[in-house]
Amino acid sequence: MRYGAPVETRICGYGQDSEGDWIAELECGHTQHVRHRPPFQMRPWVTTPEGRESQLSSRIDCPLCDRGEPVPTRVAAPSVRILAVCGSLQAKSRNSELVELACRSAPRDVEVVSFDGLRDLPHFDPDLEADGELEPVRKWRSALSASDAVLIASPEYGHSLPGVLKNAIDWVIGSGELESKVVAITAVVPSEERGRRGLQALADTLNAVRATIVGGEPIARGPDFSLRTAQLLAELVAVALRARAEKT
Ligand SMILES: Cc1cc2nc3c(=O)[nH]c(=O)nc-3n(C[C@H](O)[C@H](O)[C@H](O)COP(=O)(O)O)c2cc1C
């Protein structure tokens with residue numbers, strides 16, 4: 001039940017959810033999504049770093065304060081955030097099993113978030129952006145920007161990488177979200193000699209954006225599957241942390 005005027009607070013920072021949408025951190029201790037979804041929610045400022053900066057300290061109603069909801073205990077942000085991408089679209093995908101395993105078994109301080117929007121991306125065509133960024137492309141770019149590193153598990157199709165994955169990478173070659181990113185790549189295969197040409201093709205494409213490639217070996221289904229996945233994830237985290245330390 002509401003009594004009197006809505007409770008006002010101020011924006012004091014920002015975070016992003018797994019879809020790359022922005023969340024305002026409020027002085028009251030609550031958080032609130034701040035989306036730009038015309039014509040329903042008009043917040044063009046949230047789409048640029050300058051716009052977000054300009055809204056720091058601005059007043060905002062807090063419905064959670066209105067309802068008297070307690071402020072959640074702050075959980076420290078995970079130290080490494082990894083975006084996991086499966087190159088296969090089929091429902092019973094072995095590669096998506098690896099992605100799901102990585103999400104479930106991430107060690108403490110590591111958050112692995114899966115991105116499943118590859119099927120929503122249109123065929124790459126820069127003309128499609130003449131009137132602004134398309135929503136599926138925005139989500140893909142934001143999810144990449146919000147991550148410290150990327151894990152890609154992908155099948156080999158026709159001695160190469162799947163078209164849907166190449167298409168997704170093409171969408172960010174010009175905009176730069178994969179530029180110099182740390183990216184672990186693998187392919188879940190029935191036996192170790194399979195999938196290597198697909199991985200080589202994927203590595204060649206990632207080299208175009210100067211990605212630091214981790215792993216690159218197929219992982220065979222079998223008793224070592226979980227161990228090999230955990231080892232790849234651990235190597236990815238180590239390289240991502242090293243890259244971060246070198247930047248600061
Ligand atoms: C259209 C098509 C092309 C394929 N081409 C290759 C190939 O060139 N080399 C290979 O090792 N496997 C190839 N495969 C087998 C896939 O890599 C294999 O089915 C893989 O498990 C699919 O991954 P998923 O289970 O994650 O969907 C192909 C499969 C399909 C459907």
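Which residues make up domain 1 and domain 2 in the domain assignment of this protein? I looked this up before anything else. The assignment gives residues 8–66 as domain 1 and residues 80–247 as domain 2. I note here that the model is a predicted one.

**Entry on the two domains.** I asked how far apart the centres of the two domains are. Taken over C-alpha atoms, the centres of domain 1 and domain 2 are separated by 29 Å. I then looked up the contact between them, to which domain 1 gives four residues and domain 2 gives six residues. On the side of domain 1 that touches domain 2, I recorded three polar residues, one charged residue and no nonpolar residues.

**Entry on the sheet.** I next looked up the order of the strands in the open sheet of five strands. The order is β6-β5-β7-β8-β10, and the pairing is parallel. Which strands stand at the edges? They are β6 (110–115) and β10 (212–215). Each has a single partner strand, so one side of each is left without a neighbour in the sheet. From one strand to the next, I recorded an average twist of 25°.

I also examined the pair formed by β5 and β6. Strand β5, residues 80–86, runs parallel to β6 and is joined to it by six bridges. For Val85, I found that the bridge partner in β6 is Phe115.

**Entry on Pro190.** Where is Pro190 found? I located Pro190 in the loop between β9 (188–189) and α6 (196–207). Is Pro190 buried or exposed? Pro190 counts as exposed because it has 12 C-beta neighbours inside 10 Å, and a residue is called exposed at 12 or fewer. Leaving out residues up to four places away in sequence, I found that Pro190 touches Ala220 and Arg221. I also compared Pro190 with Val137: they are 53 residues apart in sequence, and their C-alpha atoms are 33 Å apart in space.

**Entry on the ligand.** How many residues surround the ligand? I recorded 13 residues, of which the closest are Ser88, Ser93, Arg94, Asn95 and Pro155. By class, the shell around the ligand divides into seven polar, three nonpolar and three charged residues.

Definitions and conventions. Residues are numbered from 1 along each chain as its sequence is written. This is a predicted model: local features need pLDDT of at least 70, side-chain atom pairs count only at pLDDT 80 or more; totals for chains, interfaces and linings use all residues. Domain bounds come from an automatic or database domain assignment. Two residues are in contact if their C-beta atoms, placed from the backbone, lie within 7 Å. Ala, Val, Leu, Ile, Met, Phe, Trp, Tyr, Cys and Pro count as nonpolar, Asp, Glu, Lys and Arg as charged, and the others, Gly among them, as polar. A residue is near a molecule or strand if its C-beta atom, placed from the backbone, lies within 6 Å of it. Helices (H or I, at least four residues) and strands (E, at least two) are DSSP runs, numbered from the N terminus. A residue is buried if 20 or more other C-beta atoms lie within 10 Å of its own, exposed if 12 or fewer, and partly exposed in between; C-beta atoms are placed from the backbone. Two strands pair if DSSP finds at least two bridges between them. Axes are lines fitted to C-alpha atoms, for helices over the stretch in contact, and angles run from 0 to 180 degrees between N-to-C directions.
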